[in-house]
Amino acid sequence: MTVTLTTSESAPGSAEADVLVIGVVQTPDGPGTAPGSDGVDEALGGALKSALTALGSTGELEELTRVPGGGTLPAPLVLAVGLGTEPETGSFGADELRRAAAVALRDVVGKANGKNGGGAAKRVVLALPARDDSEAEAVTAGALLGGYAFRKYRATPAADVSVTLLTRPGAAAGVRRGATIADAVNLARDLINTSPLHLPPAELAAEASRAAVEAGVEVEVLAEDQLTEQGFGGILAVGQGSSRGPRLVRLSYAPAPAAKTVAFVGKGITFDSGGLSLKPPKSMETMKSDMSGAAAALAAITAVARLKLPVNVVAYLCAAENMPGGAAQRPSDIITMYGGKTVEVLNTDAEGRLVLGDGLVRSGADDPDLVVDIATLTGAQVVALGDRTTGVMGSSDEVAAAVASVMRDAGEPAWAMPLPAHLRKGLDSPVADLQNVSSGRSGGMLVAGHFLREFAPDGVAWAHLDIAGPSFNEGSPYGYTPKGGTGAAVRTLIQLAANAAAGQIPGE
């Protein structure tokens, strides 16, 4: 399925389409039309408000109401989507616009494809508020995120959907940004949703190489021999139980001049069985998503390059398949990480922190101003914060709070978490520099943060994003979040890079 988006400055009432999408707001007098839908009410003979009221529309955010075009509009169907309360400032919030555009496009795509796909192509005109760069970016991103569908393994192809966004002059840059960001998120979603049979570490590296080259990003891939020669003991230990060997992918975008450097380190476990500390069968069903952090890092750096942001970005994809083969690491094995620290492995299902440890140490050689690791790291994150809110830890409480704030501003729920000093003691090992899990059961998300902190470059702002819950949606779609891989943290990473380009580093 292909969703294409173009822009037009045509009047909504004359737009040729199968579906015309307009915005509806909540007012004291009932539903009211939002800016962007000029002329639609006139074309319907002034009956739009009464029709919306009769059909039960309130303007509540994400509410959908279908109004027949009645033969007086080129479009046979008007799809009215709620935007919530009309803002007093006159400017709609970015997240409200993203969510409204997304639910409208998801509805159109779902109707076009029916149960099995293969429906007729659809033409959609979006007459939502897109009066400036900010609004146009939000509507564009929402439409492309909401129109996403993963159909790689379906026998019947999905219907194509063409979207025309009605804008005012001067909004082209916002449309380009919105499309670039949405394309990046959807790239991550595609990789996360791909069957682990078809995405072992070598193929993840190949996909990363293809995407990076297209975006103008440099690529270096280390296979097992190079990983062994250079001492990447964490990645090698996790991957040694699989017949499909690990990889470390280094991506680099270095425009000139750029004053700041940001490093992204992504967990890329292409399938996690738990190793010899085997997971229950039910827990393995979504473990193709255990590479969501690497997918986010890849997607973000390609978007930064396409947006031509003046900031150096390096991304590390720490890729391995965690399997219980005859050569797999054993509980009580002691491994030597990149950089020389030794780790006693007590639980082979706490493998993400091992591959990330290698990547974090390696990132220090890039002299970064900010390091962010992204990982589906702990079930404790889901227990503590649910399946939509990312846990953020950092080199200081100030860094964690600043990054969590950036996430929320980007429309990604997040909460800053502490790293209490007493929990670090649980990682003390009697035979190695540290062990990979605590002897206690409490604070699992925070203990994992402590482990990673041991490998983060000294004196550098560092943040850890635990996206175990937000990375994969097992429930129904909502807002611009589909069922399956979500692309969590991609928009945040792009924004952190944009902030760094402007000289803003969390905690400074």
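Helix α4 (residues 133-146) has 14 residues, and at 1.5 Å a residue it should span 20 Å; its end C-alpha atoms are 20 Å apart, so expectation and model agree. The expected span here is 1.5 Å times one less than the number of residues, while helices (H or I, at least four residues) and strands (E, at least two) are DSSP runs numbered from the N terminus. The model is a predicted one, in which local features need pLDDT of at least 70 and side-chain atom pairs count only at pLDDT 80 or more, whereas totals for chains, interfaces and linings use all residues. Residues are numbered from 1 along each chain as its sequence is written, and side-chain values use heavy atoms, with hydrogens and water left out.

Helix α4 is mostly covered, with 11 of its 14 residues buried; buried means under 20% relative accessible area, exposed over 50%, and partly exposed in between, for a 1.4 Å probe and protein chains only. Among the buried residues are Glu135, Thr140, Leu144 and Leu145.

Threonine 261 counts as buried because its relative accessible area is 11%. Its side chain makes a polar contact of 3.3 Å with the side chain of asparagine 312. A polar contact is a pair of N or O atoms within 3.5 Å; within protein, one must be able to donate a hydrogen and the other to accept it, and residues adjacent in sequence count only if both atoms are side-chain atoms. Leaving aside residues up to four places away in sequence, threonine 261 touches Asn312, Asp366, Asp367, Pro368, Asp369 and Leu370.

Serine 439, by contrast, sits in the loop between β17 (434-435) and α15, and it counts as exposed because its relative accessibility is 71%. The C-alpha atoms of serine 439 and aspartate 428 are separated by 9.0 Å, with the two residues 11 apart along the chain.

Next come the open spaces. On a 1 Å grid over the protein atoms alone, a pocket is an open set of points with protein on both sides within 12 Å along at least five of seven lines, a cavity is a set where a 1.4 Å probe fits but cannot get out, and lining residues have an atom within 4 Å of a point. Grid points are joined across faces, edges and corners, and a volume is the space filled by probe spheres set on the points.

The largest pocket holds about 960 Å³ of space. Its lining has 43 residues, with Lys279, Leu377, Thr378, Gly379 and Ala380 nearest the centre. Helix α12 gives the largest share of this lining, 3 residues. The second largest pocket holds about 570 Å³ and is lined by 22 residues, of which Tyr148, Ala149, Phe150, Arg154 and Lys483 lie nearest its centre. Here α3 provides the largest share, 4 residues.

The structure also holds 1 cavity of 30 Å³ or more. Residues lining the largest cavity include Ala237, Gln240, Met323 and Thr348.

Methods:
Contact = heavy atoms within 4.5 Å.
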